[in-house]
Amino acid sequence: MPAETILYLSEPDVTRALESIDVVEAVAAALAAHARRETVLPEEAHLRWENAGQTLRSLSMPGLVDGCAGVKIINANPGLPGLGLPRASGLTVLFDIETAQPTCILEASRISSLRTAAVTAIAADVLGTHPMNRLALIGAGALARAHLELLPPRLPALREIRLYDLEPQRANALAEDAADNRITVCESAEQAIEDADLVVPVTTTTSGYIHHGWLKPGSLLVNISLDDPLPEVFLRADKLFVDDCTLVAADGHRILGRMLRTGQIGRPNHPGDSKRLIDGELGEILTGGRDGRTHPDEIILVNPFGLAIEDLALARQVHQQAVELELGVHLRR
Ligand SMILES: NC(=O)c1ccc[n+]([C@@H]2O[C@H](COP(=O)([O-])OP(=O)(O)OC[C@H]3O[C@@H](n4cnc5c(N)ncnc54)[C@H](O)[C@@H]3O)[C@@H](O)[C@H]2O)c1
């Protein structure tokens, strides 16, 4: 039966509903479903425009996973953190699988940052060397905060968290808020990265600065902000994994997409003349379709583009939980 109302879930509603959801498990299930070709994941639409000297953008990301269809719209304005506001904001809309009618509208950025940190946690589980003693976070914004929330409780051997931001006051403020005595604020990205077992850039840079020589043998670099490693890291890492080859290749704004287009790097099933190939997708490791790490000294680079199915898998559970807890506001169609 078509519903007469649409449920709206604000950020506090989403946060409350997420309390009883295993975010990492939900995202891992979505990645595994993707590897089994049980998902629909069209290309994203990118809208960019200029305002007061800043480039603003809106991404529309549709998808279908586990009987849940919908779209995530996530916008970014690099000027907002300077005003004390989050850079990213957005909405996810869920559709009824039978009627195609929108059923639920959710604030998107909380789910987005947590699902992204969950991808790092999954990569650490299946591609890291354990025990993991040192974590390096480059950038101290919303994504760094989500990583600090999700990762340390999952890494029992963690002794040190090195944090670096171009703006030292942001790193200091995050360290103070996190109140974890394992956090050291560093003076350079190199200082944060040397000796780290897990390296996670969460910056807004568009030009690379991470050298291959900074990464210790056995380390795992989860390239969340996508443009931080120099091309040499993509070419020299012992293994290179992505979340979805097609989406990575479709985006010519990011370094790996450009290297795929120029043939410096090839896709697993379309190698062309490239000497360096992507070794596979993260979901394929979860389903046992590909090998992950095969030697403790391998330096592994994971380039997770970020998939709508990860947001939708979580949004679906948040919706269910919100109905149970009677959260949100019903809007008339
Ligand atoms: N791959 C994915 O799935 C995914 C998902 C969500 C966000 N992201 C990306 O994560 C990044 C971080 O997002 P956010 O919301 O935390 O941004 P934010 O603006 O809240 O924080 C970014 C921080 O990085 C710092 N920074 C910028 N350049 C730097 C550099 N070269 N070295 C050190 N610090 C630097 C800034 O000072 C800022 O504090 C963005 O690039 C975003 O696009 C990726």
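Tutor: A polar contact is a pair of N or O atoms within 3.5 Å. The model discussed here is predicted.

Student: How far does a polar side-chain atom of Arg87 lie from an oxygen atom of the ligand?

Tutor: The cut-off for a polar contact is 3.5 Å. The pair formed by a polar side-chain atom of Arg87 and an oxygen atom of the ligand has a distance of 3.0 Å.

Student: Which residue has a polar backbone atom 3.0 Å from a nitrogen atom of the ligand?

Tutor: Arg170 uses an N or O atom of its side chain, 3.1 Å from an oxygen atom of the ligand. The polar backbone atom 3.0 Å from a nitrogen atom of the ligand belongs to Ile224.

Student: How much of the ligand's accessible area does the protein cover?

Tutor: On its own, the ligand has 870 Å² of accessible area.

Student: Which elements give two or more residues to the shell around the ligand?

Tutor: The shell draws at least three residues from each of domain 1 (5–111 + 309–332) and domain 2 (129–306). Its residues divide into twelve nonpolar, eight polar and five charged. The elements that give two or more residues are α3 (109–127) and α4 (142–150).

Conventions:
Residues are numbered from 1 along each chain as its sequence is written. This is a predicted model: local features need pLDDT of at least 70, side-chain atom pairs count only at pLDDT 80 or more; totals for chains, interfaces and linings use all residues. Side-chain values use heavy atoms; hydrogens and water are left out. A polar contact is a pair of N or O atoms within 3.5 Å; within protein, one must be able to donate a hydrogen and the other to accept it, and residues adjacent in sequence count only if both atoms are side-chain atoms. Accessible areas come from the Shrake-Rupley method with a 1.4 Å probe; for residues, only the protein chains shown count as cover. Helices (H or I, at least four residues) and strands (E, at least two) are DSSP runs, numbered from the N terminus. Ala, Val, Leu, Ile, Met, Phe, Trp, Tyr, Cys and Pro count as nonpolar, Asp, Glu, Lys and Arg as charged, and the others, Gly among them, as polar. Domain bounds come from an automatic or database domain assignment.
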